[in-house]
Amino acid sequence: VPKMSAAFLQAKYLKRPFIKLFGDWAGRQGKAKSREIHVFTNCEKVAFSVGGRERASIPGKAHAVLQVDYEDEELTAEGRSAGGVVVDRLVPFGEAKSVVVVIEQGKVDRAVGDVAGFLVCVNDERGRLVADWDGDVGVMIEGPAVLAAYSSEKVVMVGGGVGRGFIRSKG
């Protein structure tokens, strides 16, 4: 899970162009329309757009905070400097409505037996990742295999809407 302190250090010390956004871009009832967005960058100028429409432009600095009115569209920050252009995005999402399991293709490690990785994704009603969902998801495996997760044999830890587990063959 990305951390604001790491983004600040990258903005201060990286030589290549860098930009990272942090903020609540969830479309939920009861949330304020104006959202506090933190931007970390080493670029000279940053332009913000919502749904492709430019909303603001600010001079770049290691850490800036601005208020942006929420819309159910992607918030994009484009940083420009002599070293090039970099982009970061906050994608809107709603309430958690479903859990989707995605098998990671080509992720079998024969050195530890037949093992395949999978992702557990918590999505909203439109199939978008719910980026602020954290918790445990119970997983049941049927057949000649066992779940190999990070915490226990029956739970996959999810952070930022995504968790990872592994299935190991019994035979």
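**Ser 49.** I started with the contacts of Ser 49, taking contact as heavy atoms within 4.5 Å. Leaving out residues up to four places away in sequence, Ser 49 touches Glu 54, Arg 55, Glu 74, Leu 75 and Thr 76. Ser 49 sits in strand β3, residues 45-50. Helices (H or I, at least four residues) and strands (E, at least two) are DSSP runs, numbered from the N terminus. Is Ser 49 buried or exposed? Ser 49 is buried, at a relative accessible area of 16%. My cut-offs are under 20% relative accessible area for buried, over 50% for exposed, and partly exposed in between (1.4 Å probe, protein chains only).

**Ground rules.** This is a predicted model, in which local features need pLDDT of at least 70 and side-chain atom pairs count only at pLDDT 80 or more, while totals for chains, interfaces and linings use all residues. Residues are numbered from 1 along each chain as its sequence is written, and side-chain values use heavy atoms, with hydrogens and water left out.

**Glu 54.** I looked at Glu 54 next, which is in strand β4. Glu 54 is exposed, at 57% relative accessibility. Setting aside neighbours within four places in sequence, Glu 54 contacts Ala 47, Phe 48 and Ser 49. I also checked Glu 54 against Val 100: they are 46 residues apart in sequence and 34 Å apart in space, C-alpha to C-alpha.

**Arg 89.** Arg 89 belongs to strand β7 and is partly exposed at 44% relative accessibility.

**Nonpolar cores.** Then I went looking for cores, meaning sets of buried Ala, Val, Leu, Ile, Met, Phe, Trp, Tyr and Cys residues joined through side-chain atoms within 4.5 Å. The largest has 17 residues, and those with the most contacts inside it are Leu 21, Trp 25, Ile 37, Val 39, Phe 48, Val 68 and Leu 75. Two or more residues of this core come from each of β1 (19-23), β2 (34-41), β3, β5 (64-69), β6 (75-81) and β7 (84-90). Apart from it lies another core of 11 residues, including Ala 26, Phe 93, Val 139 and Leu 147. In soluble globular proteins, nonpolar side chains tend to be buried together.

I followed up Leu 75 separately. With neighbours within four places left aside, Leu 75 contacts Leu 21, Trp 25, Ile 37, Ser 49, Val 50, Val 68, Asp 88, Arg 89 and Leu 90.

**Salt bridges.** I counted a salt bridge when a side-chain nitrogen of Lys or Arg is within 4 Å of a carboxyl oxygen of Asp or Glu. How many does the whole structure have? The search gives 11 salt bridges.

- Asp 24 pairs with Arg 35 at 3.9 Å, N to O. Asp 24 is in the loop between β1 and β2 and Arg 35 in strand β2, so the pair ties together parts 11 residues apart in sequence. Arg 35 is buried at 6% relative accessibility, whereas Asp 24 is partly exposed at 29%.
- Arg 53 pairs with Glu 73, with the closest N and O atoms 2.9 Å apart. Arg 53 is in strand β4 (residues 53-59) and Glu 73 in the loop between β5 and β6, so parts 20 residues apart in sequence are tied together.
- Arg 126 meets Asp 72 at 2.5 Å, N to O. Arg 126 lies in the loop between β9 (115-123) and β10 (135-138) and Asp 72 in the loop between β5 and β6, so this pair ties together parts 54 residues apart in sequence. Arg 126 is exposed at 54%, while Asp 72 is partly exposed at 37%.

I also noted a network of salt bridges linking Arg 53, Arg 55, Glu 71 and Glu 73.

**Cysteines.** Last, I searched the whole structure for disulfides and got zero, a disulfide being a pair of cysteine sulfur atoms within 2.5 Å. Cys 43 is buried at 3% relative accessible area, and Cys 121 is buried at 14%.
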